[in-house]
Each structure stands twice: as C-alpha cells, then as structure tokens.
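Open the model in your viewer and switch to a cartoon view. We will go stop by stop, selecting one element at a time.

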Amino acid sequence: MSANLASLERRLRRLEERRTGEDAVYVAWGRTAAEADAVLRHARDTGIVAHWDEAIALVWRDPTPAPSSRWLVLGREHENELSDRELSLLVDAFEEEAVRREREVAAAKGADLPDLDDTDVRIRILRRESRDLPRDLRFMAIRENPEPVMHWSARGSGLVRACQCPSCLSGETSPQVQYPAHQARFRAWLKRYAPEDELYV
Ligand SMILES: [Zn+2]
C-alpha cells in the first residue's frame, strides 16, 4: 500500500469512527445508482445486513467488472481485502457524507455555509479535527490534483522521440516540460483553498 493510500485509509478510518464507532461497513456495488440500491435492498431483505448495520450503496463506473458486494472491515490488517480503487471510492462517499453532515449541523445552528463549496467544507472539518494539518492539506491537494499521466516517448520503433500528441504539446502530459498545465492547476488550487498555509507540495 502506497503512502498516499495509507493516509487515505487513516482518513477513512477516522471518518468511519466518527460515524458509528464501528469499523465494519457493508458495501453494495452496482453499475448504476439504481442497481447498487437494489443490491443493498436485497442484502437487507435477506438479512445479510441488519437495519442497525452501517451500509452504503456505491456506483462502479470503471470499465472493469464491479467488485463483489460484501462486508468490509476497515483497518490495517484488512487492507488487502479491498482494492485501492474501492478504497478511494469509499473515502469519496464518506467525505461526501461528512460534508453533508457539516452543512446540516451548521444550518441547525443558524450558520449556513452557502459561500463554501464542498472542498471548503472538507478543509473546515480538517482545520477543526486534523492532528497534522499541513500533512492532511498536502494530501488533499495531491488527491484533488493527481499527477498527470506521463507520455515518455512517441510510439514506434527506432530512435526515442518526445511524444508530440496534443496534450504533450500543451504541457499536460509531457514530463520534459514539467507539466506546466498541471503545475498551474495545482498552484491555483492551493491559492484558492489554502492561501495562508504555506504548503510546499
Ligand atoms: Zn503525448
């Protein structure tokens, strides 16, 4: 498991602890939201999932076959039981829920958060709860602005030539030009969301 995924997992566990104090969740996968909901309904109807259990229906949009719907126990010793992609989608879903709850709690206190987008709200939660804010903010910045796909060279035999595809020519995918488009997006993200934090990434 990479360092990024280890941090993801830590974050997931923290989110999960906050929800229920439990460390197991039933994940129902479907190709569409309706299909995932039907899978979850079936699991509830057949007693695989009790009404007090934590369960979540998730959509698998990748071209690969959807993972099997099953109970997942979170934690380091179980990390091989779910793929990196599953973990990442689970974290997304839990973060969405954390944002929804944060907005609800704020609204209940009369402090609506209309000017904050979802990333602002996630950062608001982090600022309150993180034990290592720079690390968590850096991690979020990297996750929101993933490294571009690299095109090392043009296809074909013979001498190695730099790729000349449109995205390489625009600096999006070519390492030789330091990914200017990616760098610009990254800097803009930091400026927009964490201007005071002096993060080096
Ligand atoms: Zn290219």
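**Stop one: the sheet**

Select strand β1, residues 24–30: four bridges join it to β3, and the two strands run antiparallel. Keep in mind that this is a predicted model. Now pick V27; its bridge partner in β3 is R70.

The three strands form an open sheet, ordered β2-β1-β3, with mixed pairing. The edge strands are β2 (55–59) and β3 (70–73), each of which pairs on one side only. Look along the sheet: neighbouring strands are turned by 35° against each other on average, direction ignored.

**Stop two: the helix on the sheet**

Select α2, residues 33–45. This helix packs on the sheet and touches β1 and β2. The direction of α2 makes about 135° with that of β1.

Stay in α2 and pick D37, which lies in this helix. How exposed is D37? D37 counts as partly exposed, because 14 other C-beta atoms lie within 10 Å, between the limits of 12 or fewer for exposed and 20 or more for buried.

**Stop three: helix α5**

Select α5, residues 133–144. Its 12 residues should span 16 Å at 1.5 Å a residue, and the end C-alpha atoms are 16 Å apart, which agrees.

Which residues of α5 are buried? They are D136, L137, F139 and M140. Turn the view down the axis of α5: the buried residues fall within an arc of 160°, so they line one face of the helix. An α-helix has 3.6 residues a turn, so residues three or four places apart point the same way.

Methods:
Residues are numbered from 1 along each chain as its sequence is written. This is a predicted model: local features need pLDDT of at least 70, side-chain atom pairs count only at pLDDT 80 or more; totals for chains, interfaces and linings use all residues. Two strands pair if DSSP finds at least two bridges between them. Axes are lines fitted to C-alpha atoms, for helices over the stretch in contact, and angles run from 0 to 180 degrees between N-to-C directions. Two residues are in contact if their C-beta atoms, placed from the backbone, lie within 7 Å. The expected span of a helix is 1.5 Å times one less than its number of residues. The arc is that of the directions from the helix axis to the C-beta atoms.
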